Amino acid sequence: MLDVILCAYNSEDTIKDCVNSILNQTLKDFSLYIFDDSSTDKTLKLLSEVHDSRVTIISSKVNVGTYAAKNFVFKNFCKSPYVALLLNFGRMGLCPTLSL
């Protein structure tokens, strides 16, 4: 079992590809926690279209920043001894294709 934390902010251009990359891994035994850090674009709307039992979406009403976001998810949601941290910040970079 693996917990994956994905922090996203204003990622409407890349979030679908990023999430699909994670969900289409050969490893299927994981939970994906996506923290939307108060995006002002369509990121949260696009995330609401993800229907997979492994995915939990956490939405913040205020922008708390990457470190606070990942720590919040880690402390309140993660149960596995193994955690992967991914970041997705829109045009700053596409979530890499993973090999889990």
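What percentage of the 100 residues in the protein do buried residues make up? The figure is 43%. Buried here means under 20% relative accessible area, with exposed over 50% and partly exposed in between (1.4 Å probe, protein chains only). This is a predicted model, in which local features need pLDDT of at least 70, side-chain atom pairs count only at pLDDT 80 or more, and totals for chains, interfaces and linings use all residues. Residues are numbered from 1 along each chain as its sequence is written, and side-chain values use heavy atoms, with hydrogens and water left out.

Start with the fold. The protein has 3 helices and 4 strands. Helices (H or I, at least four residues) and strands (E, at least two) are DSSP runs, numbered from the N terminus. Along the sequence they follow the pattern β-α-β-α-β-α-β. A contact is a pair of heavy atoms within 4.5 Å. Among contacts between residues at least 6 apart in sequence, 75% join residues at least 24 apart.

Now look inside. A nonpolar core is a set of buried Ala, Val, Leu, Ile, Met, Phe, Trp, Tyr and Cys residues joined through side-chain atoms within 4.5 Å. The largest one has 16 residues, and Leu6, Val19, Ile22 and Leu32 have the most contacts inside it. Strand 1 (2-8), helix 1 (15-23), strand 2 (30-36) and helix 2 (43-47) each give two or more residues to this core. Helix 1 gives the most, with 5 residues. Leu32 touches Val4, Leu6, Val19, Ile22, Leu23, Arg54, Val55 and Thr56, leaving aside residues up to four places away in sequence. In soluble globular proteins, nonpolar side chains tend to be buried together.

Lys70 lies in helix 3 (residues 66-76). Lys70 is buried yet has no salt bridge. A salt bridge is a side-chain nitrogen of Lys or Arg within 4 Å of a carboxyl oxygen of Asp or Glu. The nearest side chain of opposite charge, Asp37, is 12 Å away. For charge, Lys and Arg count as positive and Asp and Glu as negative; His and the chain ends are not counted. Lys70 touches Ile5, Cys7 and Leu85, not counting residues up to four places away in sequence.

Finish with the cysteines. Cys7 is buried, at 3% relative accessible area. Cys78 also counts as buried, at 16%. How many disulfides does a search of the whole structure find? It finds 0. A disulfide is a pair of cysteine sulfur atoms within 2.5 Å.
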